[in-house]
Amino acid sequence: MIVKIDNLVKRYGDLIALDHLNIEIKEGEIFGLLGPNGSGKTTAINCILSLLKFDKGNIEIFGREMKPTAYPIKQDIGIVMQNVAVFEELTVYENIDYFCGLYIKDKKKRKELVQQAIEFVALKDFVKFYPKKLSGGLLRRLNIACGIAHKPKLIILDEPTVAVDPQSRNNILEGIKRLNEEGATIIYTSHYMEEIEQLCSRLAILDKGKVIATGTKQEVKGMISLGEKIVIETFNLKEEHIEKIREIPNVIDVELKENILTIKQKSGASNLVNITSFIANHDISYGKIYSELPTLNDVFLEITGKELRD
Amino acid sequence: MSFHIFKYTFKQLIKDRMALFWMLCFPLILATLFNLAFSNLMSTESFEQVKIALSTDHDLPEDLESAMKESNIFNLSYTTETEAKELLANREISGFIKNTDELELIIYDSGLNQSIAKVFLDNHVQISTTIYNIIDGNPQLIEMGFLENLSFTESYTETVPVSESMNMIVVYYFALLAMTCLFSSIAGCYAISLVQANQSAVAARVNVAPTKKLKAFLSMISATICFQFISAMIAITYITQILKVDFGDRILHIVVLCLFGCFTGTMFGALFGLLVKLKSEVKEMLLSNICMVLCFLSGLMVLQMKYIIQEKAPIIAYINPANLITDGLYALYYYDTFHRYFLNLTLLGSMGIAFCAIIILVLRRQKYASI
């Protein structure tokens with residue numbers, strides 16, 4: 001186990017930021033921490049890194065207890081902060097070299113690692129630029145380079161794509177996949193479920209400091225009753241039709257919003273044929289029809305009763 | 001200490017325009033303004049002896065002549081009364097003394113030199129008359145050694161040898177150097193924000209690294225002290241070589257005092273940054289204001305303030321690092337001895353070490369309740 005969080009409790013006065021958190025992260029996986037803003041993702045990361053005091057619990061990294069003076073453990077950790085953490089007065093190269101130098105003493109080796117990090121984040125043309133001259137996306141890439149230049153075994157990325165354009169976001173996500181392929185274990189926090197779905201092999205969903213679901217994507221989605229969603233664009237649907245659709249076997253819920261009919265059904269055999277037959281038999285005019293599997297947002301919604309981005 | 005962190009902290013300071021302005025350019029600008037304001041006052045005013053002629057037409061009391069020579073106040077010449085009048089008319093002498101029925105000082109017009117001569121002569125006449133009157137009534141006093149005892153005086157204060165050439169305006173430049181040293185406190189405050197994870201994202205990243213926090217802090221602080229010390233040296237070179245202000249011949253001692261000043265200033269800023277829980281910008285603004293107040297109390301804006309504080313609230317003078325620097329430089333310049341200089345140096349160094357010790361105690365194994 002690379003990271004083991006056992007019964008972690010963190011309070012800010014009366015507010016419980018982390019409520020008996022239990023997480024285990026295995027070597028070589030990309031582990032996602034998903035949750036809305038204020039769910040405790042960053043607090044958990046800060047506790048893992050021993051930056052924050054916690055009230056109860058235990059954290060082990062690489063099988064050893066993590067504490068502020070655990071320098072051998074820190075040697076193999078890389079962190080990419082939510083806020084860009086670089087020096088304004090140093091160039092791109094100098095910033096990467098500075099942070100890499102906190103881990104790597106050998107100058108020759110460091111030079112190679114810095115070059116590799118620059119190439120990894122594609123900042124070769126900007127090495128002499130100062131951070132204030134970089135765009136938001138490039139700045140995020142610099143932030144990542146500063147965190148991974150020393151080739152850590154465990155990389156923690158705390159919402160690295162906040163306020164980044166879609167192209168830079170894709171670059172960042174592709175880069176994270178490559179880091180994982182090169183052998184690094186990744187902890188990735190985000191409130192974007194799409195990113196977690198795209199990137200992570202396992203995940204934990206946090207809400208109010210508690211893990212409400214954990215496992216692989218399939219395992220997490222399997223925790224809820226929803227198996228499929230059928231979405232139909234309709235034009236002359238009546239209330240009686242909706243009631244009849246509700247009576248179709250395995251249908252859990254039916255919802256009509258501005259001509260869009262969403263039918264939720266239990267996992268198992270698909271109801272798409274039954275539904276389309278019903279529409280045809282009742283002369284309901286329709287536009288597009290499609291079926292989709294439940295998302296992590298559906299998981300969050302079913303468990304907490306609110307949307308991830310509420 | 002980590003040379004890697006030292007090197008990059010120094011680089012940052014050189015590239016930081018604000019730091020360059022406040023820590024290097026501002027003292028040079030202020031020194032230039034001082035020079036413009038004080039240029040007419042900077043020349044050392046030497047005392048010119050009062051030119052007095054002694055009339056040879058009548059005998060003058062011997063004791064008056066010898067007293068005037070011993071006083072070193074007068075430039076005496078011996079002429080006839082006619083020649084003396086001529087010299088007086090040509091303003092070649094301030095006055096002449098003649099002895100007809102009594103001692104008389106003849107002057108052409110009033111002024112400082114004439115007043116000095118008049119006060120001296122009146123004083124002499126008064127003392128002489130008093131002594132004659134006493135002896136006239138009691139001649140046995142001569143045998144009892146009265147005249148020898150007259151010259152006996154007991155001093156109850158220690159006479160400290162002072163430098164011959166001195167200029168009080170120099171104290172302004174000393175206060176300016178103190179300010180230059182103390183401005184390192186702002187960089188010290190910034191340095192501490194880079195090792196406290198709850199102060200900045202960069203600090204959080206530094207804390208996560210396997211570099212010991214104290215090692216990182218001491219490396220950053222050393223670079224800050226070094227940068228500020230170089231700034232102080234540039235300021236001294238500029239003031240003494242370009243503005244031609246005479247700091248005396250104890251430059252090495254001045255350099256040592258400035259080094260101590262930079263050390264204490266930096267530690268003061270770091271301690272302030274460590275203990276005060278405000279935003280970085282607010283802390284730095286407060287700190288620069290505190291520095292200016294400390295410099296004001298050491299005589300940067302009003303020279304008399306230094307003496308008022310020394311007299312009315314000596315404790316403040318002893319705990320004010322700006323005053324310790326100013327006073328140390330003043331002692332070097334004014335006194336031939338080193339006692340007061342070393343006292344200031346010791347107090348300044350002790351203060352810096354005490355600040356450093358507190359910082360180390362607080363920083364050790366620090367974890368944060370919130371970030």
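## Strands at the end of chain A

A residue is called buried if 20 or more other C-beta atoms lie within 10 Å of its own, exposed if 12 or fewer do, and partly exposed in between, with C-beta atoms placed from the backbone. This is a predicted model, in which local features need pLDDT of at least 70 and side-chain atom pairs count only at pLDDT 80 or more, while totals for chains, interfaces and linings use all residues. Residues are numbered from 1 along each chain as its sequence is written, and chains are lettered from A and ligands numbered from 1 in the order in which they are written.

Helices (H or I, at least four residues) and strands (E, at least two) are DSSP runs, numbered from the N terminus. By these terms strand β14 of chain A, residues 286-292, is hardly covered, since the count of buried residues among its 7 residues is 0. Strand β11 of chain A (residues 226-234) runs antiparallel to β14(A) and is joined to it by 5 bridges, where pairing requires that DSSP finds at least two bridges between two strands. Within this pair, Ile232(A) stands opposite Ile289(A) of β14(A).

## Domains and the sheet of chain A

The domain assignment divides chain A into domain 1 (3-221) and domain 2 (226-293), with bounds that come from an automatic or database domain assignment. Taken over C-alpha atoms, the centres of domain 1 of chain A and domain 2 of chain A are separated by 42 Å.

Strands β3 (residues 30-34) and β9 (residues 202-207) of chain A pair in the parallel sense over 4 bridges, and Leu34(A) stands opposite Ile205(A) in β9(A).

## Two asparagines with positive phi

Most residues other than glycine have a negative phi. Asn250(A), although not a glycine, has a positive phi of about 75°, and its place is in the loop between α9 (239-246) and β12 (251-257) of chain A. Asn250(A) counts as partly exposed because it has 16 C-beta neighbours inside 10 Å.

Asn259(A), likewise not a glycine, has a positive phi of about 70° and is found in the loop between β12 and β13 (260-266) of chain A. With 13 other C-beta atoms within 10 Å, Asn259(A) is partly exposed.

## The contact between chains A and B

Two residues are in contact if their C-beta atoms, placed from the backbone, lie within 7 Å. In this sense 27 residues of chain A are in contact with 23 residues of chain B. On the side of chain A that touches chain B, α2 (71-74), β6 (77-80) and α3 (92-101) of chain A each supply at least two residues, and the largest share, 4 residues, comes from α3(A).

## Helix α3 of chain B

Of the 10 residues of α3(B), 1 is buried, so the helix lies largely in the open. Glu65(B) has its place in this helix, which spans residues 62-71 of chain B, and counts as partly exposed because it has 14 C-beta neighbours inside 10 Å. Leaving aside neighbours within four places in sequence, Glu65(B) is in contact with Leu54(B) and Leu60(B).
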